[in-house]
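Colleague: I would like to go through the aromatic contacts in this structure. Could we take them one at a time?

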Amino acid sequence: MTTRRAFVMGHPIAHSRSPMLHGYWLDRYGIAGSYERVDVAPEDLGAFFAAYRESGWVGGNVTVPHKLAVIPYLDRIDEAATKLGAVNTIWWDDGRLIGGNTDWVGFLGNLDELAPGWDRDAKKAVILGAGGAARAAAYALGERGLSVALCNRTASKAEELAVHFGGMSGHGLDALPALMGEADLLVNTTSLGMMGKPPLDVDLAPLKPGAVVYDVVYVPLETGLLKAAKAQGHRTVDGLGMLLHQAVEGFGHWFGQTPEVTRELRSLLIDDIRAKTPGA
Ligand code: NAP
């Protein structure tokens with residue numbers, strides 16, 4: 001039996017947790033495959049793709065700093081990757097190399113799992129931030145039919161993103177309190193609150209009662225924002241499941257099995273985060 005080989009490529013790549021989660025699924029489903037870290041410096045990207053076929057890769061994940069740079073080497077990118085301007089998953093389809101983006105699927109899969117029914121009557125969402133994670137969240141919530149407002153330190157970036165997706169609004173942080181009063185979902189996609197970064201300082205008092213609060217940051221698992229939201233009686237969603245759920249589609253393409261995001265997998269990753277980041 002041939003061993004199917006998939007990769008996660010980035011630079012640096014040593015700290016990626018993706019091998020742990022794909023390794024768990026390979027074991028669980030008894031698949032003869034591997035999922036390997038590949039450190040590719042930006043100047044070596046051309047050589048990586050020149051050797052791609054001979055390397056026998058069935059596909060893989062792409063992370064910082066290559067999510068945009070890989071696009072010219074692919075035969076086609078899917079609708080989400082086109083809209084998000086970034087590729088995080090590569091696979092073969094009938095001899096053609098395809099790039100997709102599954103971050104938005106991960107964003108929704110996690111939200112659906114940890115806050116079931118959240119979208120039953122949800123109409124409005126507020127997203128803090130306007131970077132890569134904000135793009136995935138905005139696209140995902142737009143696809144679910146929510147009205148989306150983006151608030152960012154650099155207001156112009158939020159405004160540009162709102163125009164890019166269409167039908168959304170972009171603001172500076174000063175607009176946040178008023179927008180929170182009507183929001184059914186508040187999402188933090190900034191890096192604030194992450195271990196080693198400054199805390200995210202948001203007064204949740206104006207937030208609509210019953211709103212769900214989602215932080216895409218997952219180190220620590222329970223950020224200051226989520227603690228404050230819980231204390232105020234809101235349902236909360238941490239960011240770890242976004243990482244887990246975004247991986248499902250790629251595994252399916254490469255290994256022919258749609259894997260399940262289990263409690264056991266989540267615990268495995270939580271243990272790893274806690275072991276490597278004391279205090280998380
Ligand atoms: P990014 O593209 O660099 O965007 C960073 C965002 O944070 C920008 O909106 C930036 O605002 C804002 N920001 C940074 N420092 C700030 C400060 N001091 N005050 C106010 N705003 C500040 O980063 P990203 O790729 O979107 O990642 C953001 C976070 O999401 C990271 O913590 C990352 O680990 C996490 N993430 C999680 C997942 C997951 O699977 N759970 C996936 C992707 C990302 P400006 O535009 O004003 O600079």
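**Aromatic contacts**

Modeller: Phe-7, Phe-48, Phe-49, Tyr-52, Trp-57, Tyr-73 and Trp-92 make up one aromatic cluster. Please keep in mind that this is a predicted model.

Colleague: What lies over the face of Trp-57?

Modeller: Arg-5 does, at 4.3 Å from the ring centre.

Colleague: And how many aromatic pairs are found in the whole structure?

Modeller: The search finds 17 aromatic pairs. Among them is an edge-to-face pair of Trp-25 and Phe-251, with 5.5 Å from centre to centre and 65° between the planes.

Colleague: Where in the chain do Trp-25 and Phe-251 lie?

Modeller: Trp-25 is in helix H1 (residues 18–28) and Phe-251 is in helix H10 (residues 240–255). The pair links distant parts of the chain, 226 residues apart.

Colleague: Is Trp-25 buried or exposed?

Modeller: Trp-25 counts as buried because its relative accessibility is 0%. Phe-251 also has a relative accessible area of 0%, so this residue is buried.

Colleague: Back to the cluster, then. What kind of pair do Tyr-52 and Trp-92 form?

Modeller: Tyr-52 and Trp-92 form an edge-to-face pair, at 5.7 Å centre to centre and with 70° between the planes. Tyr-52 lies in helix H3 (residues 52–55) and Trp-92 in strand S5 (residues 89–93), so the pair ties together parts that are 40 residues apart in sequence.

Notes: Residues are numbered from 1 along each chain as its sequence is written. This is a predicted model: local features need pLDDT of at least 70, side-chain atom pairs count only at pLDDT 80 or more; totals for chains, interfaces and linings use all residues. Side-chain values use heavy atoms; hydrogens and water are left out. Rings of Phe, Tyr and Trp (its six-membered ring) pair if their centres lie within 6.5 Å; planes under 30 degrees apart count as stacked, over 60 as edge-to-face and the rest as tilted. Helices (H or I, at least four residues) and strands (E, at least two) are DSSP runs, numbered from the N terminus. Buried means under 20% relative accessible area, exposed over 50%, partly exposed in between (1.4 Å probe, protein chains only). A charge sits over a ring if NZ of Lys or CZ of Arg is within 6 Å of the ring centre and within 35 degrees of the ring normal.
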